[in-house]
Amino acid sequence: MSQSSGGVTKPRIGELLVGRGLISNDQLEQALLLQKTEGGRLGDIILAHHWVRTVDFYDALTDHFRKGRIGDLLLERGMITEKQLDEAIETQKHWGTRIGDIIQARGWVKPYLLGQVLAEHFEKPNVDLLKNRLDESLLDRESLSTYSENLFVPWRREGGLLKVAVVDVNPKLLEMVDELVGEPFDIIITSKFDIIWMLQEIGNQFYTEKAVHELANSKPQFSASEVFTARQLIFLFVLMSVSVIALTFWPVNSLILFNVMLSLFLLLNFGLRIVLTWVGGDKHFDNLVTDEEVLAVDERTLPVYSILLPMYHEAATLPNIAQALRSIDYPLSKLDIKLILEHDDDETIDKAKELGLEGIFEIIRVPDSLPKTKPKACNYALHFCRGELATIYDGEDAPEPDQLKKAVIAFKKAPENTAVIQARLNYFNVAENWLTRMFTMEYSLWFDFYLPALDALRIPIPLGGTSNHFKMDVLREMEGWDPYNVTEDCDLGVRLTQAGYRVGVLNSTTFEEANNSIPNWIRQRSRWLKGYMQSYLVHMRSPIKLYRTLGFVGFWGFQFFIGGTIVSALLTPVMFLMYILWLATSTTAFDPYFPPVVLYLTLFNLLIANGFLIYLFMLSGFKRRYFSLIPWALTVPLYWLLQSWAGYKGFWQLIHNPFYWEKTHHGLTTFKVTHDIGAGKTPARTAASSAGSKS
Amino acid sequence: MKQVISRSGLEGRVFISLLILLLTGVTIWLLAHGFMSDSATSRWATVIAALGAKEVLLENFTFLAPHLPLYLLVPFYYIPGLEGGGAPYLLSIIASGFLLFLWARDLKEVELSQTRLAMLAILVVIHPGFLWAATSGSHIALSMLAFYLLYRASQHIISDHDIHSYISLAVTFVFFFFIDGSAVFIFVALIPLLVVIAPLRTIMVSPMGLYLIVGTPFALAVATWAYLNWIFEGSFMHFIEHPDSAFLGGMLYTQEYPWLLDFGGQFFKPLLAATGYLLIAYPVSVYLLLDTINNNYRFRASFVLLLHPLIAIAIATSQYYLTHPFEILALISAGLMAELTYVRMQTRREFVFLIIFMIVSVVGGWWLFIETANPQMSQWVHALTGKQASDGNRDGDLQVGLWLKKNPMPTLMYERSASRVIAARGDAEGLVLSFSHEFKSVMRERNPNVRQIAVPEPQSPSGRRDWVNIRYPHLYDHGMTGFRLVYDNLGWRVYRKNSA
């Protein structure tokens with residue numbers, strides 16, 4: 001078994017193994033005898049007899065097998081230019097990843113071609129799994145997630161030796177394979193797309209089952225699949241019965257009591273928002289991670305980052321987000337980007353193919369199943385993620401380029417139990433119309449003031465729909481998102497806090513497309529409010545337990561921040577209507593129900609609280625330096641009415657169609673997608689409006 | 001005080017407590033020598049009238065004066081022993097003490113020995129502006145607190161430009177409006193000066209945004225007040241139309257105030273006069289301006305401190321509001337305190353100069369205060385020097401109040417011009433006062449169905465405004481059918497129903 005490459009004679013395999021003490025001379029002689037009589041490769045024979053573990057075998061012989069350097073091989077075959085190789089080598093010094101990964105991330109060589117070269121490099125067979133299908137009987141169904149997360153899969157058994165298809169060869173992976181298969185094995189090389197496609201085809205049912213039912217099966221108390229529990233229904237029944245009896249026998253006193261409770265609730269709700277604005281307005285939150293810290297990051301130490309991109313009929317926005325991710329300030333070879341597309345969304349799938357995206361982009365096709373929600377799709381894709389950290393972006397997002405680095409630094413600076421860090425969300429089409437202006441101010445208030453304050457006060461943070469950066473192991477431990485909850489992000493934030501994890505915030509912004517159409521906005525907002533109702537119901541199934549886990553501040557913060565949002569939305573039109581009726585008719589019909597103290601409370605809420613809530617909108621525009629928005633804040637009561645409309649729609653759906661995911665059309669804006677929004681800059685309108693899409 | 005506060009905090013607190021004890025002692029001394037503030041009496045009377053009514057309602061407080069000082073007096077109503085009207089003086093001392101503690105906290109940033117800081121504190125406290133505000137029982141102590149916070153917020157805008165400083169400025173103005181009617185003028189005076197305070201970039205990009213952020217809460221406060229006036233009194237403008245309104249200042253009684261006689265309705269002349277007052281009473285402001293000329297940030301703050309009160313005085317005088325410049329000028333003491341929290345007195349020479357200018361300010365301040373004093377201020381100075389400021393036996397309001405206290409009986413009276421009577425009585429139990437439904441119903445009758453009626457002499461200033469006199473013009477002189485005269489002393493008469 002003499003080996004020679006390029007005129008240099010390599011030591012024999014058997015001698016190497018004996019020399020390292022991995023096999024004995026007797027075993028070597030026996031192997032050589034078998035090779036003589038039965039044929040085959042000596043290495044396969046040794047592995048098949050399990051005289052040596054595959055990990056130790058390749059550890060000892062890696063250099064023996066390696067043929068040339070990957071870069072040189074690619075250059076020799078004309079797959080890359082010399083300049084590209086030099087650039088890749090230079091990049092490698094900064095990124096600390098393999099040349100092959102860098103070349104693939106740059107899109108210079110297609111993954112399957114790289115697989116071929118890699119196979120040649122390791123002197124291993126390269127197999128196209130689509131043409132040479134694997135033996136499904138070799139698969140352990142319970143390990144499908146491990147296969148997909150680590151990109152290997154048992155392929156076939158040849159010569160009594162299990163062949164495992166891998167994308168890369170490294171000791172850690174081989175250790176894992178060895179542990180999982182529990183028998184002698186050898187490797188073959190394939191492309192990562194072959195493994196992903198193959199596993200999706202074979203494991204669709206498994207992954208779907210996990211994505212839909214995992215949370216409901218393992219932690220049913222946190223699943224929104226049951227909208228109202230029996231106890232909640234009984235409570236509602238008792239409450240309503242008592243109310244009817246009270247109204248029948250003591251109508252005036254009952255209504256006064258109701259008014260008192262309502263006024264106090266609204267007052268406290270207002271008070272909480274004032275406190276949050278003050279606390280969240282602290283300068284400290286704008287400098288959680290500084291530019292200097294970002295500049296000082298050693299990119300070689302950065303972890304692999306998974307980016308989930310759930311999309312549905314968003315072909316138009318795909319090029320934008322792809323470009324935004326390409327320009328992100330993070331080693332591209334450490335990005336693991338999943339385009340999560342629905343099985344029936346041919347339009348976006350075709351677009352993704354047409355764009356010829358680099359190897360860091362992987363398409364995950366989510367099979368058709370109910371509920372057809374974003375969290376389910378993300379749960380599905382989670383089985384294919386390889387990152388230590390993960391985040392979610394929407395198709396129309398434009399994150400600030402240094403966001404991922406900032407998230408890594410923020411995790412390092414944060415307490416150990418920090419599970420997720422929420423970046424700020426804002427809009428690039430701020431000045432498109434009245435609705436986008438309102439929406440922008442609302443988001444600025446929410447993400448620039450409220451969420452940092454919630455973090456500081458240890459009140460559960462309802463995560464935003466995108467740009468939340470997770471520790472992958474915790475996310476998996478939490479069983480991902482609740483597929484039945486239409487604001488799965490909000491729910492997950494509360495669940496994490498309950499599990500003893502911390503939810504942090506980050507001073508980096510992702511710019512999105514603000515809804516510029518009222519019907520579309522109503523659809524989106526009704527889903528959000530319905531989701532808030534779902535989340536509230538889920539977490540209030542055991543109020544005492546919730547109180548124990550969240551503590552006094554956390555519990556009441558949850559009541560007023562989540563509950564308050566729902567109650568405000570539902571009550572605003574009722575209060576407005578009563579007020580207008582009183583104003584227009586000067587009726588005294590309400591007088592008995594508003595004794596002096598209640599009247600003063602109501603007046604305070606009407607004048608001071610509402611006035612200051614308008615002012616908070618102004619402050620949000622001021623802090624973001626969207627000065628032109630400030631006068632528009634005076635029109636926010638109209639926006640509250642829209643919110644109420646959406647609230648009632650959400651409430652109706654909660655009863656009649658709780659898991660229905662109201663689709664929001666994206667790509668309706670005429671503004672250019674950009675993260676470069678600053679004071680005095682007016683985001684540009686594009687020449688023509690792009691086609692709409694849904695998410 | 002920095003070392004005192006930052007090391008243990010104890011010595012600093014002890015020193016401030018001693019200063020507060022000093023203020024308390026001075027107040028007791030003043031009261032013992034017959035000083036009585038009209039403003040304090042009026043507020044206390046309003047509180048006891050409102051809380052002593054059959055039904056405690058917001059409208060009992062009337063909407064003719066800012067409410068916050070009244071609400072702050074409410075807890076004192078329930079403390080035994082304070083019926084005599086000491087509560088407003090106590091509130092002034094508490095507000096001043098709070099201001100001193102706040103100042104001591106903010107002075108942590110100043111690198112000065114405790115002895116030097118104590119010297120500064122003493123010089124601040126003995127200035128007549130501060131001492132008058134702290135011991136006269138008026139609302140000026142609260143105004144001073146608000147002004148201190150305003151000025152600190154302005155300094156923060158200049159130095160830090162963070163959202164907290166803008167919120168602080170805006171919200172302090174809201175509180176200021178509910179403390180003092182002159183807040184409107186202080187707000188308006190700050191409008192042109194915002195361009196000095198706010199960063200140039202913000203002003204260039206969006207002046208309107210800046211003004212909305214600073215001004216919206218204040219506008220909301222004014223609108224809220226107008227709305228409450230509409231709800232409870234039927235007119236949005238009630239608080240600036242009613243002749244008894246404190247929001248009108250001296251407008252309807254110009255001839256009673258020399259300052260308004262000289263400068264009322266004008267802008268530049270009172271501005272010049274106020275500048276002269278400032279140069280005499282607070283030359284230290286000019287020193288601070290010159291001292292900071294090489295420091296852009298601090299210079300802007302000193303410039304605002306110098307100019308802002310002067311503009312406010314000029315505007316308030318032009319609107320016939322301000323009855324005496326010290327009503328606003330005294331606030332400079334608070335501004336000065338805020339300014340001192342930013343002072344960097346690195347050399348002994350700088351500190352000596354500051355002390356000299358502060359001593360000159362104290363001397364000039366006292367001279368000016370005594371020379372330009374209105375009757376109330378004169379009474380205060382008299383009492384301070386140990387002379388008896390007033391004779392209770394010759395005080396008609398006091399005497400009738402004490403008589404009513406001895407003869408508790410439901411009595412119809414117009415309390416807005418008789419606050420001293422209510423205060424002397426010590427409670428409003430059984431009184432039929434102008435905010436009550438009973439008062440309105442009684443006044444509709446030809447012969448009021450009430451057991452007793454108290455009226456002041458119709459030709460006196462308060463008698464002219466008295467609704468009972470207006471409704472029954474011959475009552476004081478000729479009595480009324482079915483009523484007999486039971487009290488007639490020092491310009492007050494009380495008629496009692498024959499059947500009672």
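This is a predicted model: local features need pLDDT of at least 70, side-chain atom pairs count only at pLDDT 80 or more; totals for chains, interfaces and linings use all residues.
**Domains of chain A.** The centres of domain 1 of chain A and domain 2 of chain A, taken over C-alpha atoms, are 22 Å apart. Domain 1 covers 1-59 and domain 2 covers 60-201. I then looked up their contact: 20 residues come from domain 1 of chain A and 16 residues from domain 2 of chain A.

Which elements supply at least two residues each on the domain 1 side? I found β1 (3-5), α1 (13-19), α3 (42-48) and α4 (54-65) of chain A. α4(A) has the largest share, six residues. By class, I noted nine nonpolar, five polar and six charged residues on that side of domain 1.

**Chain A against chain B.** Next I checked the contact between the chains. Chain A puts in 20 residues and chain B 18 residues. Helix α24 (residues 596-623) of chain A gives the most to the chain A side, with ten residues. That side has 13 nonpolar, four polar and three charged residues.

**A helix pair in chain B.** I turned to helix α9 (residues 163-179) and helix α12 (residues 207-233) of chain B. Their axes lie 8 Å apart, at an angle of about 20 degrees. Angles under 35 degrees count as roughly parallel, so I logged α9(B) and α12(B) as roughly parallel to each other. The crossing is right-handed.

What meets what here? From α9(B) I listed residues including B:Y166, B:L169, B:F173 and B:F177. Among their partners in α12(B) are B:I213, B:P217, B:F218 and B:V222. How do the contact residues divide by class? I recorded 14 nonpolar, no polar and no charged.

Definitions and conventions: Residues are numbered from 1 along each chain as its sequence is written. Chains are lettered from A and ligands numbered from 1 in the order in which they are written. Domain bounds come from an automatic or database domain assignment. Two residues are in contact if their C-beta atoms, placed from the backbone, lie within 7 Å. Helices (H or I, at least four residues) and strands (E, at least two) are DSSP runs, numbered from the N terminus. Ala, Val, Leu, Ile, Met, Phe, Trp, Tyr, Cys and Pro count as nonpolar, Asp, Glu, Lys and Arg as charged, and the others, Gly among them, as polar. Axes are lines fitted to C-alpha atoms, for helices over the stretch in contact, and angles run from 0 to 180 degrees between N-to-C directions. Angles under 35 degrees count as roughly parallel, over 145 as roughly antiparallel, 65 to 115 as roughly perpendicular and the rest as oblique. A crossing is left-handed if the near helix is turned anticlockwise from the far one by less than a right angle, and right-handed if clockwise.
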